[in-house]
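Dear colleague,

I am handing over the structure we spoke about, and you will find the sequence and the coordinates directly below.

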Amino acid sequence: MSGEENGLPEVPKWPEFKLPDLLSTEAVRQLHATIEKEWDALQRSACQTAAGRALWKHVIHDPLADLLAGESYLRSLHEKIKKDCTNNASEISGVILAVRTLWFDSKLEAALHSLHGRETQVVLLGAGMDARAYRLSCLKESDVFEVDLPEVLHMKTTLLQAAMESTNEHQHLKIMAKSLSRVAADIKGNDWLEKLKISGYVPEKNTVWILEGILYYLTHSQAMQVLKIIADKCTTTQTFLLADFMNKPSTTLSNSIFHFYSDWPDHLLPSLGFSHVKLSQIGDPDAHFGLFHDPSNLFNKLRSLPRSVYTNPDGTPCCRLYLVQASGSPDQTLEPADLMLKIST
Ligand SMILES: C[S@@+](CC[C@H](N)C(=O)[O-])C[C@H]1O[C@@H](n2cnc3c(N)ncnc32)[C@H](O)[C@@H]1O
């Protein structure tokens, strides 16, 4: 009898782990061995998120994610997923990453669409092993800038080159964006904007800023500085921000690595100069993507509690991840009330 027939939720089926071809060459193996030996937890988080995209491939099309994640991160997430499936867990490991990726993809596409093909730049701060420039056709008129630490971007380029040399199937390695620039910079410092400009970013052009999985690695003052720099652009040009924010209890999940949080980013961003802000929680209609097979999942429980509540009825902390879209522009006529409606669909 299947789970559905006996009244229990269906246990999701996950394919067995199979080493992807792109990871089997000696050159690629060596590069990933270097990552494991030399990178710190912050840098390695880039491979962990890529592993999430790779293993949720039934909903996320990212053909480079396996290559950029590497075998050990793929195997360890796969183990967790298998365990969750066996235990019939109400949330499967990696589901937050999958929802987050799909949410950013859909909001990016909507923001670009609302600009009606006008020249646009897309800046990814803490881009890590993101491969949107290779996988999203909506970027075909956009100049994309990936900003991350020098070692991370250098490794990414080297991995992609090694893959290029080892396969005849180059279609996944073709850049879909109009252009792609990698900008090696530490966004904790105060020269990253200058480095972005030197790489071709033009402050006067419409820009979508993507801050996915990055703000909480910064301290409060560093994160506020980055957000202020972006918010200031609203006075010069049409500016969109897509970002995820941890609430305070979430940062306790790892005291040593997570710092910045905001319980009310929908109040914070207007105070910095954004005129339209919309906040979503995992599991909301625009952040669901049909990925929660159990209606009593953790995210539905969290959504049923007011956001001012910090502790679940069972005493555990309410750890929330807010997905936030914001926009602003110097010309009010460029900000019709339906602009945010468009980007929120
Ligand atoms: C969790 S990963 C997210 C990567 C990517 N945005 C994604 O969603 O797959 C965080 C990334 O932020 C980068 N990062 C952390 N601190 C940074 C800093 N101060 N300056 C630039 N990049 C940073 C890390 O190197 C890593 O690639």
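Helix α2 (residues 41–55) and helix α4 (residues 71–86) pack with their axes 9 Å apart and at an angle of about 55°, and since angles from 65 to 115 degrees count as roughly perpendicular and those under 35 as roughly parallel, α2 and α4 are therefore oblique to each other. The crossing of these two helices, α2 and α4, is right-handed. On the α2 side the contact is made by C47, Q48, A51, G52, A54 and L55, and on the α4 side by Y73, L74, L77, H78 and I81. Sorted by class, the contact of α2 with α4 holds eight nonpolar and three polar residues, with no charged residues. Please keep in mind throughout that this is a predicted model, and that every value quoted here was computed from it.

Helix α2 also packs against helix α5 (residues 95–114), where the axes come within 9 Å and cross at roughly 85°, which makes α2 roughly perpendicular to α5. Here T49, G52 and R53 in α2 meet L97, A98 and T101 in α5, and the residues of this contact of α2 with α5 divide into two nonpolar, three polar and one charged.

The crossing of α1 and α7 is left-handed. In this contact A27, V28, L31 and I35 of α1 meet M155, T158, L159, A162, A163 and S166 of α7, and by class the contact of α1 with α7 comprises eight nonpolar residues, two polar residues and no charged ones.

Turning to the chain as a whole, the protein chain has 13 helices and seven strands. Its radius of gyration is 20 Å, close to the 20 Å that the globule rule gives for 345 residues, so the chain is as compact as a globular protein of that length. Taken along the principal axes, the C-alpha atoms of the protein chain fill a box of roughly 60 × 55 × 40 Å. Of the 345 residues, 40% count as buried, and among contacts between residues at least 6 apart in sequence, 72% join residues at least 24 apart.

N88, which lies in the loop between α4 and α5, has a positive phi of about 55° although it is not a glycine. F289, found in the loop between β6 (276–281) and α12, likewise has a positive phi of about 55° without being a glycine. As for their surroundings, N88 counts as partly exposed, with 14 C-beta neighbours inside 10 Å, and F289 is partly exposed too, with 16 other C-beta atoms within 10 Å.

F258 lies in the loop between α10 (248–251) and α11 and, with 16 C-beta neighbours inside 10 Å, counts as partly exposed. Leaving aside its neighbours within four places in sequence, F258 is in contact with Y216, M246, S250, T251 and L253, while the C-alpha atoms of F258 and L268, 10 residues apart along the chain, are separated by 19 Å.

H267 is placed in helix α11 (residues 265–272). A residue counts as exposed if 12 or fewer other C-beta atoms lie within 10 Å of its own, and H267, with 11 C-beta neighbours inside 10 Å, therefore counts as exposed. From C-alpha to C-alpha, H267 and A243 are 14 Å apart in space and 24 residues apart in sequence.

Finally, N312 is found in the loop between α12 (298–303) and β7 (321–328), where this residue is partly exposed, with 15 other C-beta atoms within 10 Å. N312 and A41 are 271 residues apart in sequence, and their C-alpha atoms are 29 Å apart in space.

Technical notes:
Residues numbered from 1 in each chain as written. Predicted model: local features only at pLDDT ≥ 70, side-chain atom pairs only at ≥ 80, totals over all residues. Left-handed = near helix turned anticlockwise from the far one by under 90°. Helix = DSSP H or I, 4+ residues; strand = E, 2+ residues; numbered from the N terminus. Contact = placed C-beta atoms within 7 Å. Nonpolar A, V, L, I, M, F, W, Y, C, P; charged D, E, K, R; others polar. Rg over C-alpha atoms; globule rule 2.2 N^0.38 Å. Buried ≥ 20, exposed ≤ 12 C-beta atoms within 10 Å, placed from the backbone. Axes fitted to C-alpha atoms, helices over the stretch in contact; angles between N-to-C directions. Parallel < 35°, antiparallel > 145°, perpendicular 65-115°, else oblique.
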